[in-house]
Amino acid sequence: MIKIDKSGCKSFADEKLIDKYLQKALAGFDTLEGGQGAGNDFLGWNRLPETITKDVIDEYKAVVARWQAMKVDTVVVIGIGGSYLGAKAAIHALSHSFLPGKGMQILFAGNSLSEDYLAEMMDAICNRNVACVVISKSGTTTEPAVAFRIVKRYIDDKYGAEAAQRIVAVTDRNRGALKSLASAEGYTSFVIEDNIGGRYSVLTPVGLLAIALAGYDIDAMVRGAQEAQKECSKRSENNPAIQYAAIRNMLYDAGYKTEILVNYSPKLLYVSEWWKQLYGESEGKDGKGIFPASVSNTTDLHSMGQYIQEGERTLFETVLHVSKCERELRIPMDKDNLDSLNYLAGKRVEECNEGAMNATIMAHIDGGVPQIKVDMERLDEFNLGWLFYFFEKACGISGYVLGVNPFNQPGVEAYKKNMFALLGKPGYEELAVQLKKRM
Ligand code: PA5
């Protein structure tokens with residue numbers, strides 16, 4: 001369950017203004033639910049959770065069981081953008097911060113073109129029992145294609161006739177190079193439906209398969225998303241997705257152009273990365289859009305804290321607050337008290353973290369930074385499923401309030417065309433000449 005606390009916006013907006021934006025968000029909600037808005041052929045994610053049956057989940061579990069039987073210990077998950085950030089966010093949030101996880105070790109590749117990163121990843125898998133999930137909706141994205149060519153060659157050479165059993169493709173039903181390759185090689189394949197964009201795909205095989213391979217409970221994650229779908233589909237001012245979309249647009253229109261997603265746990269680092277992609281790609285277009293940024297506190301209070309407290313006053317913060325932590329660790333009493341810390345003796349570390357959060361929220365309000373608080377109960381599969389769906393729903397509504405198509409990403413093509421030209425892809429010769437003159 002997610003709850004929105006907007007009390008940190010009180011000194012920046014009166015109830016009347018908040019109500020005006022709640023009405024705008026209700027209109028955005030109607031556009032989304034009615035399927036009348038721009039990009040309405042990409043709404044497959046909206047009612048997705050209710051369609052995820054036991055049979056669907058069993059197909060992912062069959063891959064887990066097959067690879068467990070083959071004693072696979074390491075899975076390279078290849079994908080970029082929406083084709084990896086959801087799985088990375090969930091696995092990073094659920095894993096022990098220092099010790100090996102519950103299931104197979106997941107290594108992410110194909111999310112950059114760094115030769116060092118890829119070479120080091122290959123070092124890491126050389127003595128392991130390896131499988132690979134390659135994910136690309138278009139099937140033509142350069143970063144994952146390059147990584148997959150290298151990992152495929154390694155798996156083919158090492159495992160010979162068994163190689164095809166060790167590779168799963170997640171791609172379009174009919175189109176793209178990856179689809180053709182997967183069919184030719186006889187890989188197990190999962191489909192990313194046409195009407196679900198990459199950044200809205202964490203609850204499809206794009207996210208769920210890797211999360212299941214890492215040993216986490218995808219049944220619970222889907223149950224969380226299903227409950228979120230019910231709650232966030234209510235046409236009500238109490239719907240947290242409507243509230244969040246309303247407040248952030250109100251702040252944007254009042255000149256707060258950058259939203260910082262704040263967490264108080266390093267486990268949420270990649271949830272922030274996922275959120276940035278979701279909101280940045282969905283809203284940043286037509287010369288508009290809140291710039292999504294993130295900080296991890298209290299770490300970043302010793303880094304970005306100064307700017308947030310006193311820099312340009314165009315920021316607002318959304319604090320992602322996990323109410324209950326999973327572990328208990330108390331600060332011990334020390335009879336000598338040389339560090340003068342006995343005033344904290346007996347307290348849980350999380351109590352200090354909560355104190356830091358509340359102190360920071362008030363300091364930032366006083367410094368002119370409006371605060372939204374998103375409360376989630378705990379950091380487990382169920383609540384992450386809830387959170388993913390909530391943020392997706394709020395993003396669709398928010399994009400319509402802003403007046404953009406939240407489901408396309410035309411701007412991503414610009415760098416791709418230039419890169420193809422500079423790397424000598426056939427068909428881009430003329431552009432290559434123009435670009436080289438500018439270098
Ligand atoms: O959200 C999106 O649509 C993008 O971030 C894509 O996920 C990303 O560009 C990867 O695309 P593809 O899955 O086609 O390789």
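How many residues apart are K54 and D58 in helix α3? They are four residues apart, so about one helical turn separates them. This is a predicted model, where local features need pLDDT of at least 70, side-chain atom pairs count only at pLDDT 80 or more, and totals for chains, interfaces and linings use all residues. Residues are numbered from 1 along each chain as its sequence is written, and side-chain values use heavy atoms, with hydrogens and water left out.

**The salt bridges overall**
- The structure holds 24 salt bridges (a side-chain nitrogen of Lys or Arg within 4 Å of a carboxyl oxygen of Asp or Glu).

**Inside one helix**
- K54 and D58 pair up in a salt bridge, with their closest N and O atoms 2.8 Å apart.
- Both sit in helix α3, residues 54-69 (helices are DSSP runs of H or I, at least four residues, and strands are runs of E, at least two, numbered from the N terminus).
- K54 is exposed at 61% relative accessibility, while D58 is partly exposed at 29% (buried is under 20% relative accessible area, exposed over 50%, partly exposed in between, using a 1.4 Å probe and protein chains only).

**Between two helices**
- E185 and K152 meet in a salt bridge at 3.0 Å, N to O.
- E185 belongs to helix α7 and K152 to helix α6, so this pair ties together parts 33 residues apart in sequence.
- E185 is partly exposed at 37%, but K152 is buried at 13%.

**Between two loops**
- R175 and D194 form a salt bridge at 2.8 Å, N to O.
- R175 lies in the loop between β5 and α7, and D194 in the loop between β6 and α8.
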